[in-house]
Amino acid sequence: MPSPFSPPDASQDAGSAAPSRRELNKAATRQAITDAALELLRGKGPGNFTAEDIADAAGISRRTFFNYFSSTDAALASIVHGFLDNAIQQLRLRPSDEPMLESAQAALVALADPKAIAPLAELFTLTQQSPLMSHTELEAWDHCRAQVFTVARERLAGTHGGQDELYIHALAGSIISCGKAAMEVWFNRRGPDLSPASLAELRQLLIDAMALLGAGFNTTAFPSASRSS
């Protein structure tokens with residue numbers, strides 16, 4: 001059974017070709033590596049296992065591990081990439097003439113199952129509890145920022161001067177900063193709680209953070225449940 005945190009199967013997208021056996025095998029290997037990394041993280045704690053340990057647990061060679069990931073940090077960061085990739089896919093499905101921030105909020109709304117956000121929440125929780133995980137958190141957020149930047153540049157081509165890199169960088173950076181702010185508020189409220197109710201609250205905080213950004217942080221025009229305890 002596919003992992004619930006894996007990116008959507010390309011065959012499910014209208015007009016796209018079904019993935020080849022080679023692509024499926026590569027996806028399975030990548031998933032095995034990230035699953036092994038997470039199990040080792042849970043069992044041994046941050047900094048207490050190596051790339052070789054992950055490779056052994058995944059049933060692959062050290063060389064194969066490095067064909068997929070440059071480090072243990074990269075493997076751990078990829079745990080959340082399924083959620084981020086799903087969100088980016090939803091973002092790309094939004095109307096091209098829709099304001100970018102409205103699209104970002106709608107993309108998060110479309111991810112209705114709170115469990116989909118579990119890997120993002122778990123990794124964030126672990127990074128807050130251990131300074132050794134700080135590089136992993138940065139890796140995950142940088143992955144998301146790069147994808148948001150790409151989508152924003154595609155969406156805004158021909159507007160704002162077309163090639164206004166400052167505008168696009170600032171927009172992508174602001175979206176990621178609001179996402180991180182939502183994560184921090186959630187962790188301050190819930191700590192390591194990964195229950196369905198806690199994950200649902202995190203999802204709503206992310207949605208509300210995008211709405212705040214879209215409203216220019218005009219709180220009088222934004223009566224949000226995220227400000228309630």
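Author: Buried means under 20% relative accessible area, exposed means over 50%, and partly exposed covers what lies in between. The model discussed here is predicted.

Reader: With those cut-offs, is arginine 42 buried, exposed or partly exposed?

Author: The relative accessible area of arginine 42 is 47%.

Reader: Which residue does arginine 42 meet in a salt bridge?

Author: A salt bridge needs a side-chain nitrogen of Lys or Arg within 4 Å of a carboxyl oxygen of Asp or Glu. The side chain of arginine 42 has such a partner at 3.1 Å, N to O. Arginine 42 lies in helix H1 (residues 21-44) and the partner in helix H7 (residues 118-129), so the pair ties together parts that are 80 residues apart in sequence. The partner, which is buried with a relative accessible area of 16%, is glutamate 122.

Reader: Which helices does the pair of arginine 92 and glutamate 154 tie together, and at what angle do H5 and H8 pack?

Author: Arginine 92 lies in helix H5 (residues 81-92) and glutamate 154 in helix H8 (residues 134-155), so the pair ties together parts that are 62 residues apart in sequence. The axes of H5 and H8 are 10 Å apart. Angles under 35 degrees count as roughly parallel, and H5 is roughly parallel to H8. The packing angle of H5 and H8 is about 10 degrees.

Reader: By class, how many nonpolar, polar and charged residues does the contact of H5 with H8 have?

Author: On the H5 side, the residues that meet H8 include Leu84, Ile88 and Leu91, together with Asp85 and Arg92. On the H8 side, Ala140, Cys144, Val148 and Val151 are among them, as are Gln147 and Thr150. Sorted by class, the contact has 7 nonpolar, 4 polar and 5 charged residues.

Reader: Which residues does histidine 81 touch, leaving out those up to four places away in sequence?

Author: Histidine 81 lies in helix H5 and is buried, with a relative accessible area of 10%. Leaving out residues up to four places away in sequence, histidine 81 touches Glu139, Ala140 and His143.

Reader: Which residues are linked with Arg189 in a network of salt bridges?

Author: Arginine 189, partly exposed with a relative accessible area of 34%, meets glutamate 201 in a salt bridge at 2.8 Å, N to O. Arginine 189 lies in helix H9 (residues 165-190) and glutamate 201 in helix H10 (residues 196-214), so the pair ties together parts that are 12 residues apart in sequence. In the network, Arg189 is linked with Arg190, Asp193 and Glu201.

Reader: Where is threonine 125 found, and which residues does threonine 125 touch?

Author: Threonine 125 is found in helix H7, and its relative accessible area of 4% makes it buried. Not counting residues up to four places away in sequence, threonine 125 touches Trp186, Phe187, Gly191, Pro192 and Leu194.

Reader: What percentage of the residues in the protein chain is buried?

Author: The protein chain has 10 helices and 0 strands, and it exposes about 12,100 Å², of which carbon and sulfur atoms supply 54%. Of the 229 residues in the protein chain, the buried ones make up 41%.

Note on methods: Residues are numbered from 1 along each chain as its sequence is written. This is a predicted model: local features need pLDDT of at least 70, side-chain atom pairs count only at pLDDT 80 or more; totals for chains, interfaces and linings use all residues. Side-chain values use heavy atoms; hydrogens and water are left out. Helices (H or I, at least four residues) and strands (E, at least two) are DSSP runs, numbered from the N terminus. Buried means under 20% relative accessible area, exposed over 50%, partly exposed in between (1.4 Å probe, protein chains only). Accessible areas come from the Shrake-Rupley method with a 1.4 Å probe; for residues, only the protein chains shown count as cover. Axes are lines fitted to C-alpha atoms, for helices over the stretch in contact, and angles run from 0 to 180 degrees between N-to-C directions. Angles under 35 degrees count as roughly parallel, over 145 as roughly antiparallel, 65 to 115 as roughly perpendicular and the rest as oblique. Contact means heavy atoms within 4.5 Å. Ala, Val, Leu, Ile, Met, Phe, Trp, Tyr, Cys and Pro count as nonpolar, Asp, Glu, Lys and Arg as charged, and the others, Gly among them, as polar.
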